[in-house]
Amino acid sequence: MNINDLKIFEAVAESGSFTKAASMTFTVQSNVTARIKSLEEEFDTKLFSRTSRKVELTSEGMILMQYSRQIQHLVEEAKHNVRSGENIRGNLKIGCIETTMALKVPEILNTFDEKYPDIELEFKSDSRDSILSDVLDYALDAAFVSAPVNAKGLEKICIKEEKLVILASSKGPSLQALIEKEPLKIVVFDEGCIFRERLESWLSHKGILNYKSTVLNSIEGVINFVEAGLGVSILPEEVVSKYYAGREIKTYGLNKQLGTMNTILVFRKDGPQSRALQCFIDMHLEI
């Protein structure tokens, strides 16, 4: 087994096809077939289930996939660190939810760039579950998400405690009047968003089961819809006070359990971290 075998293995798993994997790895299908057969003989197990329509990982293949990603990640880190010598260089991919992107990323970029100008930061905004999955699958180096996180294999650093508030238009009825009218209209992000979960928990606590959701994918959109009286929503108080203080929006407090969100930084436990990632982690430990 060598690194190229694992690259071919991952290409087959990703594409679900020996032919497509051959194209992806710039080789011929017969070589892909031979390399997969060699891996299966070495591990004495079937790594793929094959039908006339598709190729899928077996349960044993899924286990090897996790090791393959770790191995290739470590090899790339070794190459990069050896080549860079004393200089700390690299590229870090960091995940975050939408509000963290708005509140924290500009400050992080400025602070980190001053200390480590040769490390490039790339940010990806997505749902919490998707971000956690990407960290575990080596697609992201680290991520800012809301606590709690119980996924095995992740280290956590507490970053910030945030206060969440209900938002409603100041041009319309009071919040109490709104929740007495059915169906209550709410403005939310996609499924898996912490703010949507908290708002739905609040509605459940109030005994409100009949509500109509409008799903948006940006903070700006949520603010615009709430201001226009098209529904109520929930966001960190700091987002409203810092960026939307002049808008016609009223905020309403929540109890501590629903109104408190702890943002944490998560990253993988396994294997040595790159010097670039360690610098990023250390910066947040110092804050």
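This is a predicted model: local features need pLDDT of at least 70, side-chain atom pairs count only at pLDDT 80 or more; totals for chains, interfaces and linings use all residues.
**A chat about rings, a strand and a helix**

Colleague: Nice! How many aromatic pairs does the count come to?

Modeller: Six aromatic pairs. One of them joins Phe-9 and Phe-48, with ring centres 5.5 Å apart and planes at 55°, so that pair is tilted.

Colleague: And where do Phe-9 and Phe-48 lie?

Modeller: Phe-9 is in helix H1 and Phe-48 in strand E1, so the pair ties together parts 39 residues apart in sequence. Phe-9 is buried, with a relative accessible area of 0%, and Phe-48 is buried with a value of 0% too.

Colleague: New topic: which strands do bridges join to E3?

Modeller: Seven bridges join E3 to E4, and the two run parallel. Three bridges join E3 to E5, again parallel. In the E5 pairing, Ile-94 stands opposite Ala-142.

Colleague: Why is E3 largely enclosed by the rest of the structure?

Modeller: Because five of its seven residues are buried.

Colleague: Last one: which residues are buried in helix H7?

Modeller: Arg-128, Ile-131, Leu-132, Asp-134 and Val-135. Seen down the axis of H7, they fall within an arc of 160°, so they line one face of the helix. What covers them includes E3, E4, E5, E6 and E11.

Conventions
Residues are numbered from 1 along each chain as its sequence is written. Side-chain values use heavy atoms; hydrogens and water are left out. Buried means under 20% relative accessible area, exposed over 50%, partly exposed in between (1.4 Å probe, protein chains only). Helices (H or I, at least four residues) and strands (E, at least two) are DSSP runs, numbered from the N terminus. Two strands pair if DSSP finds at least two bridges between them. The arc is that of the directions from the helix axis to the C-beta atoms. Contact means heavy atoms within 4.5 Å. Rings of Phe, Tyr and Trp (its six-membered ring) pair if their centres lie within 6.5 Å; planes under 30 degrees apart count as stacked, over 60 as edge-to-face and the rest as tilted.
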